[in-house]
Amino acid sequence: MNSKQKKQLIKKDKQNIWHPFTQMADWLNNDPCEPLIIDQAKGSYLYDVDGKKYLDGVSSLWVTLLGHRNPKIDKAIKKQIDKVSHTTFLGLTHKPAIDLSEKLLKILPENLTKIFYSDNGSTAVEVALKMAYQYWQFKGEQRNCFLSLKNAYHGDTIGAVSVGGTDLFHAKFKPLLFKNYFAQSPYCYRCSYKRSEAPFPLKAKTFKEHTKILKCCGQCIKEAEDLLAKNHKTIAAAIIEPVNQAAAGMIVMPKGYVKEYEKLCRKYKILLICDEVATGFGRTGKMFAIEHDNVKPDFICLSKGITGGYLPLAVTATTDDIYNAFLGKYEEFKTFFHGHSYTANPLACAAANATLDLLKKDKIIEKLQPKIAHFEKELSSLAEHPKVGNIRHNGVMAGIEIVKDKVSGKLYDYRLKTGAKICASLRKNGVIIRNLGDTLVLFLHLTMTKKEMSKIIGLIFKELDRL
Ligand SMILES: *Cc1c(COP(=O)(O)O)cnc(C)c1O
């Protein structure tokens, strides 16, 4: 593409389009960099309209699972296009969705027995919240509240925002939201009770061991318990992003924390929703994050990587107990009155089937283990850097929190946009990552090579040296 055509495209973009999570005034001013027009992709790389290649270090915002243009997923979608691209799921069904439900139930905990489809992570969460709410009505109880964690992110629709604990995104909508209780997030590095500087990597095996090593008070889980002890009769369900609060900057939870959270739900007899929209399908080094602590939720929400990152699709899986509560005569109106136009889109299901087949046949998660070890080693090379306050790592996900002062953990003035500027600089060097404030976020696809991992970390090291 010649430079005149490229300029034209950027001009039209700026004229007509409003981008998500973007201050458009900055976008219009090329701050911190000019819009990048992507033309193609292959494997770990994106190519712009000039043919320049970029290593994709965020899996195209946490969706790409097995690299771009995987031949088997490409083929599965093309094959499905020649049959039917979309048909409603209201009153009709189709093989791709039926096959997918069977495959999913085989890899999910055995207490999850029913698959409800939708088309994005936020809707997967809305579905779980509404099902949990209605379930208690069937039991003759009015439970209007939920429990979640500070720093939680469950999507951008109003129900998902109600249980969201990221003030920057959520606080301004407060008058519109339903009532929710927030417990302290297990963010040890900036805990409001007692800050703890964890060594990296921290190898605690249980929650107890973790609190011992860090000499921390475990107040995060105590807060959840206090809220439940007081309010459990009004709480329909507790929701959590097991193992990693990703959108908060990869806040990786202490080992065993999710188990403690599950125990509380069982003790106070409320439902548990695990939001694995980000962590599902191998990103934590296991198929699902709940497997690390052997947690069995009443709902699991899946999306993002489910189609290999090709097409929008989401799943809310639940138990017989929930499903059976909605059964009844037509005139009882126990029906779950919820659905989306693109529910279980056949192309998306075909992509998901191919993705799950590849995970299994190619033993992707098994082969991932040495790469995770390599990633950890590379990350630990950053740990001593004076500008790195805290590194959080799980599987192929990591957050590198940049600080002005390592001892106090003091951050740079946010107006300096330190994190954003580092990402812009990396982009010039052919690597795409994103920042959440001054935390650099790495979210790798499962087939990234060790060499590619090292390249990203090496470039980050150079940028930190320049601060
Ligand atoms: C991305 C994300 C969502 C929202 O998914 P969308 O498809 O963007 O609506 C929900 N929960 C978690 C944990 C996520 O990371």
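**Entry 1: overview**

I began with the secondary structure, and the chain comes to 16 helices and 17 strands. Both are DSSP runs numbered from the N terminus: helices are H or I with at least four residues, strands are E with at least two. I note that this is a predicted model, where local features need pLDDT of at least 70 and side-chain atom pairs count only at pLDDT 80 or more, while totals for chains, interfaces and linings use all residues. Residues are numbered from 1 along each chain as its sequence is written, and side-chain values use heavy atoms, with hydrogens and water left out.

Next I looked up the overall dimensions. The C-alpha trace spans about 65 × 60 × 45 Å along its principal axes.

I then checked the surface. The chain exposes about 22,100 Å², and carbon and sulfur atoms supply 56% of that area. The areas come from the Shrake-Rupley method with a 1.4 Å probe; for residues, only the protein chains shown count as cover. Of the 467 residues, 54% count as buried. Buried means under 20% relative accessible area, exposed means over 50%, and partly exposed lies in between (1.4 Å probe, protein chains only).

I also looked at contacts, meaning heavy atoms within 4.5 Å. Among contacts between residues at least 6 apart in sequence, 70% join residues at least 24 apart.

**Entry 2: the cores**

I searched for nonpolar cores. Such a core is a set of buried Ala, Val, Leu, Ile, Met, Phe, Trp, Tyr and Cys residues joined through side-chain atoms within 4.5 Å. The largest has 90 residues, and those with the most contacts inside it are Leu104, Tyr261, Phe281, Leu442 and Ile460. Helix H13 (residues 346-361) gives the most to this core, with nine residues. Apart from this core lies another, of 25 residues, among them Ala128, Leu129, Ala236 and Ile239.

Leaving aside neighbours within four places in sequence, Leu104 is in contact with Ile115, Phe281, Leu302, Ile306, Val315 and Leu356.

**Entry 3: a four-stranded sheet**

I traced an open sheet of four strands in the order S13-S14-S17-S16, with antiparallel pairing. Its edge strands are S13 (388-394) and S16 (434-436), and each pairs on one side only. The twist averages 25° from one strand to the next. Two strands pair if DSSP finds at least two bridges between them.

I took the pairs in turn. S13 and S14 run antiparallel and are joined by six bridges. They form a hairpin with two residues between them, and Gly395 in the turn has a positive phi of about 60°. S14 (residues 397-402) and S17 (residues 439-443) pair over five bridges, also in the antiparallel sense.

Which residue in S14 is the bridge partner of His393? I found Ala398. On S17, the bridge partner of Ala398 is Leu442. Leu442 is also one of the residues with the most contacts inside the largest core.

I checked the cover of S13: seven of its seven residues are buried.

**Entry 4: helices on the sheet**

Helix H15 (residues 418-428) lies across S14, S16 and S17, running at about 175° to S16. Helix H16 (residues 450-465) packs on the sheet too, touching S13, S14 and S17, and its direction makes about 170° with that of S17. Axes are lines fitted to C-alpha atoms, for helices over the stretch in contact, and angles run from 0 to 180 degrees between N-to-C directions.

I looked up Val403, in the loop between S14 and H15. Val403 has a relative accessible area of 0%, so I logged this residue as buried. Beyond four places in sequence, its contacts include Tyr189, Arg190, Pro386 and Tyr412.

Ser185 sits in the loop between strand S6 (180-183) and helix H9 (207-214). Is Ser185 buried or exposed? Ser185 counts as buried because its relative accessibility is 4%. Ser185 and Leu149 are 36 residues apart in sequence, yet 5.4 Å apart in space, C-alpha to C-alpha.

Thr318 counts as buried at 5% relative accessibility. Not counting residues up to four places away, Thr318 touches Asn111, Leu112, Thr113, Lys114, Met131, Asp298 and Phe299.
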